[in-house]
Amino acid sequence: MAAAARFFIRGANSKLPISGIGTGAQSSFGATLLKLSPNCNPRTKTQRRHAAHFTYQPDPIPTQYGPTQKMNLFQSVTSALDNTLASDPTAVIFGEDVAFGGVFRCTVGLRDKYGKDRVFNTPLCEQGIVGFGIGVAVAGATAIAEIQFADYIYPAFDQIVNEAAKYRYRSGNMFDCGNLTIRAPWGCVGHGSLYHSQSPEAFFAHCPGIKVVIPRGPVQAKGLLLSCIADKNPCIFFEPKILYRAAVEQVPVETYTIPLSQAEILQEGSDVTLVAWGTQVHVMREVADMAQEKLGVSCELIDLQTILPWDVETVCKSVVKTGRLLISHEAPVTGGFAAEISSAVQEECFLNLEAPISRVCGYDTPFPHIFEPFYIPDKWKCFEAIKRMINY
Amino acid sequence: MLSNISNVVRVGVQRNGVAAVLSARTYADFTAQASFEIKKCDTHKLDEAPATEVVMTREEGLQYYRTMQTMRRMELKADQLYKQKIIRGFCHLYDGQEACAVGIEAAINLSDHLITAYRAHGYTYTRGGTVKEIMAELTGRRGGIAKGKGGSMHMYCKNFYGGNGIVGAQVPLGAGVALACKYMGNNELCVSLYGDGAANQGQIFETYNMAALWKLPAIFVCENNRYGMGTSVERAAASTDYYKRGDFIPGLRVDGMDVLCVREATRFAAEHCRSGKGPILMELQTYRYHGHSMSDPGISYRTREEIQEVRGKSDPISLLKDRMLSNNMASVEELKEIDVEVRKEIEDAAQFATTDPEPQLEELCNHIFYNNPPLEVRGTNPWTKLKSVS
Ligand SMILES: Cc1ncc(C[n+]2csc(CCOP(=O)(O)OP(=O)(O)O)c2C)c(N)n1
Ligand SMILES: [Mg+2]
């Protein structure tokens, strides 16, 4: 576990092996762009302020899906796409620079393996990419579109919200684009500043008709992405980009799915329920340990995984048991998805609550440049919130 | 052509002609101005074209040289600071494309308006930002041109609207600024710059239409450096004749490596706009020496030979330098002296940019809204409650 984190912090530039997928000459383009993640350069050792704000904890090795292989998050995404292209002859992958592997290397080798008619670059035109994807999907093919960064999904906002999400409804179920999956790197990365750091899940969570999914690591990423691809609804799959290399796990090589709209209880506890998704799950893991060690407080940690439609039941059952809820995400607090969770839990569990529901989130500011360490909901802020809830 | 031939002759002479002789020269010995034959622009929907024979004075030449060198050195310094991890995050360098910025600025006024994308360091400088302010912005320090809050992609100054991170999004803004120019009737115009990659964004076409419909004094400039990230123009564009892609908007294809070509074309375009004929489009054929951003070595999708070839044959600074020397418009020593001064300016700026303090924490929240009294910012942590002022 710590080994993985250390790998990240030292930031070895060496590529992890991934068999079955060749790395062409083109791939270094994407690889090097990943140096933007904070710790990918050996020289960072002395620059402590660049250290990640969390310690990555790999999942246990899954045993139920056959043989596994060591993969980081971008490789597990590649593996899921590889399985899909192999088993579904209608599947196509497109986006900016994806034929060369994409800026984060998620599609490395796939063009060479499956052909340039199935894995292809688009021009720089997000609205067009998603609209095109909707058309591909409605015509019956499996469309997997990449938006280079979640921050660049807004030109496609109309296509997603007005076209994709409402297609089934407005056609009385005659047409739909359930075969469409949109992937995008998401979340903070250490120094991404305003336009390479955003977490826009709440915008899409306001939109019935699409699903929004965010994994916490490689095993989840592959299973959830394959579920999104198989799901009969348009899905947005946000990938925590800070984990692309930092997160390394034993990931099943074959196809498997992890059900959507099911939260996962990662740790059982009795005093406080912690809800998070993506990178923040790892922050919360440390917070749970700190609460146990320093306060003797037992936390139940839930990874929500699917933001829309979300698993109200698992969260509420937990809060009925613990009486306290802390929700944490990187996006700004006002109108963030924590607000929806908080409101729903309050309706369902009012009499069980021992303290007001807490949110520890990003500030109501644009994502800052040099102030990122202050902006992010780090473990200390979360820990403080737990103390307040306990002492309420 | 002629000037190229004379280039060779003069350079030869100077190598043999001893330095002592040269330094003994007085200004009166230099040619005060010379005329140059420049590459003809391709035109689209235009009856006339920019001149192919242009005059450059010695003063102008020296100024263009200094400005381009400053831009080049500034970017090389940024590269170095980035590698030392002093500049972090996203950083897109402009070296190779200097003739575009300098040529455009030479043909418009500082009271005209300009907006570009994230490859903005050069324009920030030509628009009046100082090297110090630019470098300090890169390092995220208080003395930065955006108070250290923007970083590489976000720089602004008077009549320069940035420094914009979302590819293509700046172009409609530029048309809006052009409308303001027209409305105010002050004979100003707005230059909107975008890349060859950005040229494929839908909002660019929406803007062409509005600008033509309302005859706005807008110069659209596509800086075609052959690549949008790792994608070459042929792989991204159904037509790489970017100067024709405004369809009903007249266009020019310009050698963007030659500051005189860019200047002449811009002069032509500005006259077009100011005479009330509406928008015009320029495609500047140029090249970026660096990769797309600092994390892209820039050699996986193009060859080292290609980069070397451009550097060797059409470097904008060398081209100008050769012209000046071969026409006896400046001496080698004089240009070297400029280089030394530029280097010093860059070093001083870098020194400032690495020692100036970071902005204070309160800056994290300032300038979100216009508000009075200060707004308490939600979410700020339990230990520091931050307020926002503007
Ligand atoms: C809407 C949007 N999509 C994607 C990006 C990521 N991106 C930044 S620059 C770039 C390439 C732009 O190429 P070009 O317009 O040719 O400009 P150049 O970098 O060559 O100056 C891309 C894809 C972005 N910033 N905004
Ligand atoms: Mg380009």
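Mentor: A definition comes first: two strands pair if DSSP finds at least two bridges between them. Helices (H or I, at least four residues) and strands (E, at least two) are DSSP runs, numbered from the N terminus. This is a predicted model, in which local features need pLDDT of at least 70, side-chain atom pairs count only at pLDDT 80 or more, and totals for chains, interfaces and linings use all residues. Residues are numbered from 1 along each chain as its sequence is written, chains are lettered from A and ligands numbered from 1 in the order in which they are written, and side-chain values use heavy atoms, with hydrogens and water left out.

Trainee: Which order do the strands of the five-stranded open sheet in chain A have?

Mentor: The order is E9-E11-E10-E13-E14 (chain A), and the pairing is mixed. Strand E9 (264-267) and strand E14 (358-362) of chain A each have a single partner strand, so one side of each is left without a neighbour in the sheet. From one strand to the next, the twist averages 25°; angles run from 0 to 180 degrees between N-to-C directions, with axes fitted as lines to C-alpha atoms, for helices over the stretch in contact.

Trainee: Do E9(A) and E11(A) run parallel or antiparallel?

Mentor: They run antiparallel, and three bridges join E9(A) to strand E11 (residues 299-303) of chain A. Within that pairing, Glu264(A) has Asp303(A) in E11(A) as its bridge partner.

Trainee: Which helix lies across E10, E13 and E14 of chain A?

Mentor: That is helix H13 (residues 337-349) of chain A, running at about 155° to E13(A). Contact here means heavy atoms within 4.5 Å.

Trainee: And chain A as a whole: how many helices and strands does it have?

Mentor: Chain A has 15 helices and 14 strands. Of its 392 residues, 64% count as buried, where buried means under 20% relative accessible area, exposed over 50%, and partly exposed in between (1.4 Å probe, protein chains only). Among the contacts in chain A with a separation of 6 or more, 83% come from residues 24 or more positions apart.

Trainee: Let us move to chain B. What is the strand order in its six-stranded open sheet?

Mentor: The order is E2-E9-E10-E6-E5-E4 (chain B), with mixed pairing. Strand E2 (42-44) and strand E4 (113-115) of chain B form the edges, and each has a single partner strand, so one side of each is left without a neighbour in the sheet. The twist averages 20° from one strand to the next.

Trainee: How many bridges do E9(B) and E10(B) have?

Mentor: Strand E9 (residues 251-255) and strand E10 (residues 280-285) of chain B pair in the parallel sense over five bridges. Leu252(B) stands opposite Met282(B) in E10(B). Helix H10 (residues 259-274) of chain B packs on this sheet, touching E6, E9 and E10 of chain B, and its direction makes about 170° with that of E10(B).

Trainee: Next, the metal. What coordinates the magnesium ion (ligand 2)?

Mentor: Asp196(B) (OD), Asn225(B) (OD1) and Tyr227(B) (O) do, at 2.1 to 2.2 Å. Donors are N, O and S atoms within 2.8 Å of the metal (3.2 Å for Na, K and Ca); water is not among the atoms, so sites may look incomplete. The donor spacing along the chain is D-x28-N-x1-Y. Asp196(B) is buried at 3% relative accessible area, and Tyr227(B) is buried too, at 8%.
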